[in-house]
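Thank you all for coming. I would like to walk through one structure this morning, taking the ring pairs, then the cores, then a helix packing, and ending with a loop residue.

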Amino acid sequence: MPRRISVTEYQPVAHVSVEEARLIRARLAELAVELKPRRGFLAPGSDLVIRNLVGTVQVGRDLVLDVAPSVAADVDWTGALVDLLSPPTRIGFGGENRESERRPVRVLPDAFAELYLRQLNGALRKEGPLTLIQALYAAVPSLAGRLDVTRWVGQRTLKPAHFPQHRSVLTVDNPFTAMLAAVAELLAASTSDPRIAAALRGAAGRLRPGLAPHVALNPSAALRELPPQWRAYGPAWATARSVVRRVAPLRRHGHLEGLGVALEPWPLLETLLERSLEALSGVVARHGHHGLIGFGHSGTYPLRTPIGLTAPGTAGFHVKGGVDPDGILKRGDEVVASFEAKYTTPTPERIRGHAFQALTTAAAVKSPVAVLVYPTDFEAVSWELTWFTTHPARLVAVGLDMYRYQAVSGDESRAERIYRGVQESLRLQQGTPAQAS
């Protein structure tokens, strides 16, 4: 039974030996190479502090690391992350994971298995099993394809009623269903919820009716693109490819014993911001602000342009620069608010550092409001800016309570919170009198 170490993001890892700490640092360094996160998984300093990573990490054969965000024990943070998952979220897979059914909050592999189950069931209901025309070669008593005359002539004396032939058949036994079913079996073996495990194995059977339930995993199948006529299977195929690309190097023979899931949550905060901004258009319209549209990443805006001649030795400095806001709110071509997502627990010192980037971005896009977005739970706070003119004129920080998010209803409530943070600026831009909230 492996030793499990439970830790919280941004908190020092306690009760580990020097050797265990060394193994954890080495494994997280390997994981960073695999996932290429925008921010390292180890905080600077001599203490062992994990950041920008949640889930289960197989450190070694006998050591497993369970990393949870800094939330209350009764918060279903795994469900929130699964609701936010969308490719290309950086996810790590591998190792074994077994959890007690008595655990009150699901571990990430359980939630991820349920996500895959929903994707598969939805595609099966809409499209049924995936069928593909396959070229087969067989010797059978009836002729239903192109006869291999040379071989038949050679064996007709002994087997005159057997016809070696090439034929094309429509079959569910193809590389796509094999990989989808193999990942279903893998996730079924990994989840601690017997209901989800049984449903995944049932879905695997419906993918390949009449065929053996266990299939060998071919890692090269993950390199193939799903044909466009099977777009209903797109989400499930994207999930399966992610799993295979991470697991296959460790399990090349296809014997998949279990799964640990670890992911970089920062992109999910950006996903939450994007969904909230899309919902914000309807929210502001109900409050009398029409024509506003919210976007996530919308491209790079120029910040500086080289002028004059390049001095000797400065060619590397004398280049263009730009900013890519995590979100913007626009009225026509005019930006009325810009947003920067910061996956960390806000403190006065951190907000001060983040403000410089947010204000620079707002100035580049000519936005009167710069908004800092955090994953924690707090209503918006605002600052008027000294020595700035109108772009920007105000700084806002708001917490979107990322780990209590629920799809659909969560978008609306967070859009309302963002609106409460920027409503005064919107009112001043329109020149309307203040209204009671």
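Let me begin with the rule for ring pairs: rings of Phe, Tyr and Trp, with the six-membered ring taken for Trp, pair if their centres lie within 6.5 Å, and planes under 30 degrees apart count as stacked, over 60 as edge-to-face and the rest as tilted. Please keep in mind that what you see is a predicted model. By this rule, the count comes to three aromatic pairs. In one of them, the ring centres of Phe-176 and Trp-230 are 5.6 Å apart and the planes stand at 80°, so this pair is edge-to-face. It links distant parts of the chain, since Phe-176 belongs to helix α5, residues 175–190, while Trp-230 sits in the loop between α6 and α7, 54 residues apart. Phe-176 and Trp-230 are both buried.

Phe-176 also forms an aromatic pair with Trp-237, and here the geometry is tilted, with 5.2 Å from centre to centre and 55° between the planes. This pair, too, links distant parts of the chain, joining helix α5 to helix α7 across 61 residues. Trp-237 is buried, as is Phe-176, and ring pairs link Phe-176, Trp-230 and Trp-237 into a cluster.

Turning to the cores, which residues have the most contacts inside the largest nonpolar core? They are Tyr-116 and Leu-180, in a core of 78 residues. Leaving aside neighbours within four places in sequence, Leu-180 is in contact with Tyr-116 and Trp-237, and also with Leu-120, Leu-130, Leu-207, Tyr-233, Ala-236 and Ala-240. Another core, of 18 residues, lies apart from this one and includes Ala-21, Leu-35, Leu-48 and Leu-63.

Next, the helix packing. Helix α3, residues 108–127, packs with α6 at an angle of about 35°, the axes being 10 Å apart, and the crossing is left-handed. Among the residues that meet here are Tyr-116, Leu-120 and Leu-124 in α3, and Ile-196, Ala-203 and Leu-207 in α6. By class, this contact of α3 with α6 has 10 nonpolar, one polar and four charged residues.

Finally, consider Ala-43, which lies in the loop between α1 and β2. Is Ala-43 buried or exposed? Its relative accessibility is 17%, so Ala-43 counts as buried, the cut-off being under 20%. Beyond its neighbours within four places in sequence, Ala-43 is in contact with Val-49 and Arg-51, while Pro-12, 31 residues apart from Ala-43 in sequence, is 9.6 Å apart from Ala-43 in space, C-alpha to C-alpha.

How values were computed. Residues are numbered from 1 along each chain as its sequence is written. This is a predicted model: local features need pLDDT of at least 70, side-chain atom pairs count only at pLDDT 80 or more; totals for chains, interfaces and linings use all residues. Side-chain values use heavy atoms; hydrogens and water are left out. Helices (H or I, at least four residues) and strands (E, at least two) are DSSP runs, numbered from the N terminus. Buried means under 20% relative accessible area, exposed over 50%, partly exposed in between (1.4 Å probe, protein chains only). A nonpolar core is a set of buried Ala, Val, Leu, Ile, Met, Phe, Trp, Tyr and Cys residues joined through side-chain atoms within 4.5 Å. Contact means heavy atoms within 4.5 Å. Axes are lines fitted to C-alpha atoms, for helices over the stretch in contact, and angles run from 0 to 180 degrees between N-to-C directions. A crossing is left-handed if the near helix is turned anticlockwise from the far one by less than a right angle, and right-handed if clockwise. Ala, Val, Leu, Ile, Met, Phe, Trp, Tyr, Cys and Pro count as nonpolar, Asp, Glu, Lys and Arg as charged, and the others, Gly among them, as polar.
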